[in-house]
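Here is a walk through a structure, one part at a time. Keep the sequence and the 3D view at hand.

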There are 2 protein chains.
Amino acid sequence: MSANHPIDTLADSRFIRACRRQPTDATPIWLMRQAGRYMPEYRAIREKVSMLEAIRTPELAHAITMQPINAFAMDAAIIFADILTPLIGMGLSLDFVKGEGPAIDNPIRTAADVDALRTPPTAETMPFMTDAIRLCAADLTPRSLPLIGFAGAPFTLASYAIEGGGSRNYQMVKGMIWDAPDVWRRLMEKLVIVISDYLIMQVQAGASALQLFDSWAGVLSPADYAQSVAPYTRQIIANVKSNPQSARVPLIYFSIGTGTLLDQVVALGSDVISIDWHLSLDRAWQYIGSDRAIQGNLDPVLLFSEWPALQANVDRILAEANGRPGHIFNLGHGILPGTPVETVRRLVDYVHEKTLIAQASAER
Amino acid sequence: MSANHPIDTLADSRFIRACRRQPTDATPIWLMRQAGRYMPEYRAIREKVSMLEAIRTPELAHAITMQPINAFAMDAAIIFADILTPLIGMGLSLDFVKGEGPAIDNPIRTAADVDALRTPPTAETMPFMTDAIRLCAADLTPRSLPLIGFAGAPFTLASYAIEGGGSRNYQMVKGMIWDAPDVWRRLMEKLVIVISDYLIMQVQAGASALQLFDSWAGVLSPADYAQSVAPYTRQIIANVKSNPQSARVPLIYFSIGTGTLLDQVVALGSDVISIDWHLSLDRAWQYIGSDRAIQGNLDPVLLFSEWPALQANVDRILAEANGRPGHIFNLGHGILPGTPVETVRRLVDYVHEKTLIAQASAER
C-alpha cells in the first residue's frame, strides 16, 4: 500500500512542504472547520441528515469534505468527522443535540465505567471512515491536495466522556484527575490505544497528514498537564511515529490557551504546532524553536470584521512569520457559524497573493 | 481625612505588608467572591432582596461583606458590589437575570450610544458605596483587617456594555475595536474617567487597597491588547497613583488567561499582579520580576476536590512562592457556587498554619 500512498505524490505540495519546513512558492492555508455551517452547501446537506448520519455515510462525508475545496483555493482538505466519533466504538452513546452540541447519555464516572470501555480496532468500528478517506484521497491527490485525518487528544476526549458534553468548569474531569488518579490512568491508557489506532488507520486509508485536537487542554495547570495529560498524548504521537506508514505523514498538535505550556507542547513531539491568537507568531517561534512548523493564528472573529481590519491582521501575522519556511496559515480556532463565505474566499486568495508577491520580490 | 484613613492603622497588617513585599508572619489569604452564593448566610439575604438592592443598601452590603470575615480567618475583606454597578450612573440599564447573569437592556452599539454616555462623579451616582465602605471600614479597621475596593477594568466593562451581557466570542466588542476604533477610543476615554473616579472615591470612603478586575482581557491578541486596551487601563492606574489619597493604597490588577501578555500586564503599573492557575507561581515571578507582589493562583475547582489533592496543590503553590515576601494566597478566579464551606475554612487555616510553621522553622 505504501508504494501507492498519496503522500508519495504529495510530497511537493505546499502544505506538506510547509509541514516539513521546506520552502514553498506561497504560504499554504486551510481553515479549521472549513467544511461547516457557514457554507450554504453544508447546511443544505445537514438539513436532510443528522451529524452522525453524515459522518457515517462515506458519500456524504466525501461531499462535505470537498465543499470548501471546490469553493476556495484551500491548500489542504480535512476529512469530515467529529472528534467524538471514536467514543461510540468504545461503548458510549453519543448524540448531537441541535443547538447544544454533543451529548453522551452514559458518561464515564466510575472505575467500573472505565473498565467497561472497549478498545476494538477502529477499522472495524468505523469502516465508514476508511471509505470516506479513500473517496476523498482519490479526488484530492490528482489535484495535488493532501487530506488531513484527525482525532481528539485524550484529555479533550476524556473531558467529553466524563462531563457528558460541553462543560463550564470541567469539574468532573478534574475531579477524576485529582481524586481518582488510578481510574484516570486506566481511562487514558484505553484512549491511547484507540486514538493511536484511529490515526494510523486514517493514514492507511489515504490521509497525508494528521491533526490531534486538544481543544480543552488550556483549562489545566502546568502541573496537571505535565503529570496527568502530556504522557498520554506523547505516547500517541510516539505510536504514530513508530508505525512505518503513519511515520511518513506530518502530525499537527492543536490546542487553545496553552501559551503558558508551550515547553510541554513542544516536548510532545509533533511536527507542527498550531497556536491561537493569544501569542504572536514571532514570539511563539522563539519559544518553540526553529525545528517545528507553526500553524496559525488568526482570531476567527476577525472574519466578521470589515476588510481593512482583517487585512491589517493578516499582514501582521505574515510579518511575524517573516517568510520563515514552515508557516501554515490558519485560524486559532474553527470558523464560526455565520462567517461570510465571501470573506473566507478573500482571505484565502489574499494570503496566497501576498506571499507570492513577497516571494517574487525576494527573487528580484 | 487622610490623617484618619484606615491605611495608617493597617500598614502592618499581613495583607498590606504582603502587597508592599514586606515580610509577614504568615502568608495572607483572601478569596475572590468570598462573599457569595456558596455561603448559606449570603443565600439567606439574597432570597429576600435582589442583587442590585443588596448592593444599594449599605447595611446589607456591609453585612454581606462581613460574612466571610466572621466565618473564616480571611486577611482582607472585599466590598460587596458588582463590577457593572458604575455603568448605571453612565446611563445603562442594568439588571441581574436569575441564572443568566447580568443583562443590559440598552447596550452600546453606535457612536451615538457612546456620545450619550454620562460621566458624573461616582460619589453622586453611587452614594451607597461610600456609606457601605464606611460601615465596613469602621468594623474592619479595629480588627486590623483591610477592606479592598474594586472596579471592572475598561475592556471588561466595555465588553459587558457592548455585548449586553456575557458573551461566547466577544464578536461585538471586537468588532468595535477593529472596525470603529474612534468610537472605541471615545468609549474607553469615558470609562477611564468614571473608573478612575470610582476607585479614588472608594479609597476616600475608607478602602485600604484596590483591585481592578479585567476578567475578559484574555480573549484578546497581544497586538489588540497593546493598542486598544492597555493604554486606558494604564491611564486609570496612573490616575489612581497621582491622587495623593489613593496613591497610598496598593492596587491589584486581576485578569484571566493573560499568561502570554504578562510583559504588558507588568507595564500597567499595578503594585500586585493576580495570576491564574495556567502559570506556575515561580515562573510567573520570573517573568514579572521581583518588584511586584503576586496574588494567586489556586484553581477554584480544587475546592470541590478531596483534601489530599487540595493540600498537595496548596503545598505546591507555597513551594513555588518559596517564602518570597509579596505572596498573597488567593484563587485564580472567584469561588464557585456550591463550594463546600468547610473546605474554605480548612484551606484558609491550612495556608496560615503551613506558612507560620515554615516561618518558625526558618527562625530556629
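Start with a helix of chain A. H11(A) has these buried residues: Val173(A), Lys174(A), Gly175(A), Met176(A), Ile177(A) and Trp178(A). Bear in mind that the model is predicted. What covers those residues? In chain A, the cover includes helix H10 (154–163), H12 and helix H13 (222–242).

Now turn to chain B. Its helix H11 (residues 171–179) buries Val173(B), Lys174(B), Gly175(B), Met176(B), Ile177(B) and Trp178(B). The cover here includes helix H10 (154–163), H12 and helix H13 (222–242) of chain B. It also includes helix H16 (307–321) of chain A.

Go back to chain A and look at how two helices pack. Two packed helices are described by the angle between their axes and the distance between the axes. The axes of H11 (residues 171–179) and H12 (residues 181–205) of chain A come within 5 Å. They cross at roughly 110 degrees. An angle from 65 to 115 degrees counts as roughly perpendicular, so H11(A) is roughly perpendicular to H12(A). From H11(A), the contact takes in Val173(A), Met176(A), Ile177(A), Trp178(A) and Asp179(A). H12(A) brings Pro181(A), Val183(A), Trp184(A) and Leu187(A). By class, that contact has eight nonpolar residues, no polar ones and one charged.

One residue of that contact leads further inside. The largest nonpolar core has 274 residues. Which residues have the most contacts inside it? They are Trp184(A) and Trp184(B). Leave aside neighbours within four places in sequence, and Trp184(A) still touches Phe155(A), Ala158(A) and Ile162(A), among others. Its contacts also include Val173(A), Met176(A) and Ile177(A). Ser228(A), Val229(A) and Tyr232(A) are on the list too.

Next come two helix pairs in chain B. The axes of H9 (residues 127–140) and H12 (residues 181–205) come within 8 Å and cross at roughly 40 degrees. That makes H9(B) oblique to H12(B). Their crossing is right-handed. Met129(B), Thr130(B), Ile133(B) and Arg134(B) of H9(B) meet Tyr198(B), Met201(B), Gln202(B) and Ala205(B) of H12(B). Five of these residues are nonpolar, two polar and one charged.

The second pair is H15 (residues 281–288) and H16 of chain B. Their axes come within 7 Å and cross at roughly 30 degrees. Angles under 35 degrees count as roughly parallel, so H15(B) is roughly parallel to H16(B). This crossing is also right-handed. Leu281(B), Asp282(B) and Trp285(B) of H15(B) make the contact with Ile317(B), Glu320(B) and Ala321(B) of H16(B). Four residues are nonpolar, none polar and two charged.

Now leave the helices for a loop. Thr27(B) sits between helix H2 (14–19) and helix H3 (40–46) of chain B. Is Thr27(B) buried or exposed? Its relative accessibility is 12%, so Thr27(B) counts as buried. Residues it touches include Asp75(B), Leu318(B), His327(B) and Phe329(B).

Arg33(B) is found in the loop between H2 and H3 of chain B. Its phi is positive, about 60 degrees, although Arg33(B) is not a glycine. Arg33(B) is partly exposed, with a relative accessible area of 46%. In chain A, Arg33(A) has a positive phi near 60 degrees. Arg33(A) counts as partly exposed, at 47%.

End with two peptide bonds. Gly296(A) and Asn297(A) are joined by a cis bond, with omega about -5 degrees. Asn297(A) belongs to strand S8 (residues 293–298) of chain A. In chain B, the bond from Gly296(B) to Asn297(B) is cis, with omega near 0 degrees.

Technical notes. Residues numbered from 1 in each chain as written. Chains lettered and ligands numbered in written order. Predicted model: local features only at pLDDT ≥ 70, side-chain atom pairs only at ≥ 80, totals over all residues. Heavy atoms only, no water. Core = buried A, V, L, I, M, F, W, Y, C linked by side-chain atoms within 4.5 Å. Buried < 20%, exposed > 50% of the residue type's maximum accessible area, 1.4 Å probe, protein only. Contact = heavy atoms within 4.5 Å. Axes fitted to C-alpha atoms, helices over the stretch in contact; angles between N-to-C directions. Helix = DSSP H or I, 4+ residues; strand = E, 2+ residues; numbered from the N terminus. Parallel < 35°, antiparallel > 145°, perpendicular 65-115°, else oblique. Left-handed = near helix turned anticlockwise from the far one by under 90°. Nonpolar A, V, L, I, M, F, W, Y, C, P; charged D, E, K, R; others polar.
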